[in-house]
Number of protein chains: 2
Amino acid sequence: MTEKLKSTKIVWTLKTVAKTLNVSTATISNAFNRPDQLSKSLRERILTECAEIGYHGPNLTARSLRKGESGVLGVLLSDPLSYYFNDPVANQFLSGIAETIEKHQKQLLLLSGADSGKHNSGIESLPDSFIVYGSQENNPLYKRVIQSGKPIVTVDFDAPEFASINIDNQAAAYEVANFVLTKRVDPSAAILGLRLIHSERVCRITEDELYDESESVSRRRLNGYLQAAKENQIVISPEQIWHVPHNTFALAKQAAKEVLSINPRPNIILCMSDVIASAVLNVAAEMSISIPNELSVVGFDDIPEANRTSPRLTTVCQKSKEKGEQAVLMLVKGETISKILMPTKLIERDSA
Amino acid sequence: MTEKLKSTKIVWTLKTVAKTLNVSTATISNAFNRPDQLSKSLRERILTECAEIGYHGPNLTARSLRKGESGVLGVLLSDPLSYYFNDPVANQFLSGIAETIEKHQKQLLLLSGADSGKHNSGIESLPDSFIVYGSQENNPLYKRVIQSGKPIVTVDFDAPEFASINIDNQAAAYEVANFVLTKRVDPSAAILGLRLIHSERVCRITEDELYDESESVSRRRLNGYLQAAKENQIVISPEQIWHVPHNTFALAKQAAKEVLSINPRPNIILCMSDVIASAVLNVAAEMSISIPNELSVVGFDDIPEANRTSPRLTTVCQKSKEKGEQAVLMLVKGETISKILMPTKLIERDSA
DNA sequence: AACCTTAAATTAAACGTTTAAGTATATTGC
DNA sequence: GCAATATACTTAAACGTTTAATTTAAGGTT
């Protein structure tokens with residue numbers, strides 16, 4: 001009999017399964033969810049018979065609707081998804097999230113701001129809670145996520161009303177800048193900034209754009225750099241500050257070429273990411289500029305590759321993976337009020 | 001009035017919205033989904049009022065249940081999720097998927113085989129279709145995905161009954177091996193294989209393990225290498241074939257150290273991935289082995305970094321990103337029967 | 001004015017679950 | 001031996017939508 005059932009392509013539901021096994025839908029449901037609600041023998045019979053016919057448990061959508069929870073954790077990202085698979089820092093962060101989520105039997109849904117098009121998708125109704133990663137200024141989904149009223153933890157982005165995980169970007173940037181500025185005898189510095197302004201093109205920033213109240217990661221780092229410069233009595237004018245719109249090697253290389261071509265060429269380049277710094281290393285090699293003799297380069301993040309470039313990168317280590325782990329943990333524990341500041345560390349290697 | 005509604009924290013549903021706006025639920029639903037079903041004026045009124053009170057469209061879970069489709073595309077992966085955020089090839093593949101998915105207004109759900117624990121989660125019921133990536137031998141979710149009867153496209157893995165996207169691994173491996181074997185005067189080769197056997201440790205393979213009918217990617221590449229070796233009258237014995245359990249730099253480095261320490265040391269190393277090859281480069285540099293003079297190293301994949309190592313990697317280019325794009329396209333087009341073989345190309349750089 | 005057509009909105013069933021409340025049967029305490 | 005309690009299972013409502021079927025109103029033809 002089960003043979004026949006197996007071959008006829010039925011889509012099993014609680015109802016059809018119940019009818020087939022001659023029990024109520026509630027009992028099937030309980031067999032899967034609440035073992036204490038039925039006898040051991042019946043439960044075993046149900047489970048084996050279900051396995052036989054190919055019913056692998058209650059439909060997730062229906063369950064979610066009924067229970068009002070889905071077991072899905074949403075990660076809200078500001079850029080198109082594809083971007084995050086190419087950025088080593090984001091990779092580590094997501095990796096930390098993924099690992100921790102798996103430990104807690106949840107599912108991971110990646111939501112990108114590029115979803116703005118499908119304005120009525122209501123996708124934010126699926127997850128039970130959210131990790132919001134990075135700046136969300138013009139992400140329409142962000143507002144909806146907030147309005148959903150569900151638990152939120154922000155990372156590398158601070159909204160007063162939510163729990164957050166950050167590093168002290170300004171202090172860290174100050175530290176690395178100060179390190180390299182004090183090291184050289186006659187320091188002249190340029191900055192390769194990440195996402196300083198809204199342009200999608202690599203460019204220098206203007207005098208006006210130097211001042212900006214925004215509390216974004218890059219602005220804080222910029223402040224740290226400038227603070228160190230000021231204290232060391234060197235000036236970094238807007239013409240020495242580049243904007244790189246995304247953290248990709250190609251864009252960074254373009255900026256690196258520009259900055260290494262100016263005359264007089266700076267002997268220090270402060271990079272807001274290791275990807276950018278490694279591009280500078282790459283261009284410098286092509287131009288036969290000796291590092292750190294002629295040029296000091298420092299990065300930020302301490303991605304794995306920073307230890308494999310030649311010369312190896314002097315940079316600021318931040319624990320991106322742990323950020324992801326922490327964020328998930330706060331959410332699963334329901335501990336969504338605290339503001340966490342994670343430590344950073346200056347890593348002295350060979351590039352400065 | 002709307003002011004008051006806004007402040008009282010109501011969770012809006014079609015029903016409550018309908019009551020508030022004095023129309024039926026169907027009309028609200030139609031306002032969001034089927035503009036032709038109501039007058040333009042009413043629709044506009046509804047949409048603006050909804051925006052005002054903070055109802056952003058129908059709940060996705062309920063909609064999915066009712067419509068029997070979720071707009072979610074599932075990607076079934078064999079290893080824990082975190083693994084894929086660290087592997088450059090997987091990154092490119094997922095990046096291609098993500099980009100294409102966004103273009104088609106779908107959501108991406110990453111499903112890993114490590115989900116085996118939650119045996120009754122029924123997560124496979126959420127997506128409308130699946131991309132199955134890589135070998136799925138002992139992935140319990142795979143069976144369930146199949147049984148769901150939903151459209152499937154496999155990538156880097158071939159099941160006769162499904163559409164698939166692959167490369168000719170054996171031919172590509174043969175080509176690169178033949179290239180490097182014919183180039184050296186007195187060739188002696190070792191192989192750094194990826195996932196050749198089931199062990200979680202780096203090790204050599206045994207005589208027995210040399211033979212294996214499995215059609216896995218790594219076995220096909222191994223066959224290609226061995227075929228080239230045979231044709232060039234050189235033997236590669238199992239003691240010269242290493243198994244690296246995962247495509248990580250750390251594991252590869254361990255294997256690289258072992259292979260470069262054997263005596264006599266081989267002068268050719270065939271690596272089944274660029275990550276492995278770059279680890280070999282790294283270890284060789286530490287041991288002051290000159291490449292390509294004393295040692296030829298070839299990789300596989302042509303990841304972006306392959307062009308930035310020193311020396312730059314000679315490798316096989318495969319279009320991982322395009323694989324992802326193709327897979328999504330086949331699924332959204334409902335074109336799920338064909339078997340696609342994507343081209344590969346030998347990239348001659350400096351490491352061999 | 002009677003009839004037909006079209007347009008605009010409503011009604012109500014269904015999607016596949018979970019679970020509080022209910023019923024029937026078995027077990028216990030005295 | 002009978003009420004009280006425990007165990008095992010069922011009933012039916014609810015979760016928030018979509019959509020076929022229906023009703024109502026308005027406009028057009030003869």
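Trainee: Which residues are the closest to DNA strand C?

Mentor: This is a predicted model. In it, 26 residues surround DNA strand C.

Trainee: Which helices of chain B each supply at least two residues of the surface near DNA strand C?

Mentor: Chain A contributes α2 (14-21), α3 (25-33) and α5 (60-67) to this surface. From chain B, the helices that each supply at least two residues are α3 (25-33) and α5 (60-67).

Trainee: How many residues of that surface are charged?

Mentor: The surface near DNA strand C has ten nonpolar and eleven polar residues. The remaining class, charged, numbers five.

Trainee: What is the helix content of chain A over residues 13-67?

Mentor: An unreviewed UniProt entry annotates this stretch as "domain: HTH lacI-type". In the model its end C-alpha atoms are 17 Å apart and its strand content is 0%. The helix content is 71%.

Trainee: Are the two faces of β6(A) covered or open?

Mentor: Side chains in a regular strand alternate between the two faces of the sheet, so each face has to be checked. On one side of β6(A), A:Ala189, A:Ile191 and A:Gly193 are buried. On the other, A:Ala190, A:Leu192 and A:Leu194 are buried too, so both faces are covered.

Trainee: What is the bridge partner of A:Leu194 in β8(A)?

Mentor: β6(A) runs parallel to β9(A), with four bridges, and there A:Leu192 is partnered by A:Cys271. Four bridges also join β6(A) to β8(A), again in parallel. In β8(A), the partner of A:Leu194 is A:Val244.

Methods: Residues are numbered from 1 along each chain as its sequence is written. Chains are lettered from A and ligands numbered from 1 in the order in which they are written. This is a predicted model: local features need pLDDT of at least 70, side-chain atom pairs count only at pLDDT 80 or more; totals for chains, interfaces and linings use all residues. A residue is buried if 20 or more other C-beta atoms lie within 10 Å of its own, exposed if 12 or fewer, and partly exposed in between; C-beta atoms are placed from the backbone. Two strands pair if DSSP finds at least two bridges between them. UniProt positions are given in the numbering used here, feature names are shortened, and annotations may be inferred rather than shown by experiment. A residue is near a molecule or strand if its C-beta atom, placed from the backbone, lies within 6 Å of it. Ala, Val, Leu, Ile, Met, Phe, Trp, Tyr, Cys and Pro count as nonpolar, Asp, Glu, Lys and Arg as charged, and the others, Gly among them, as polar.
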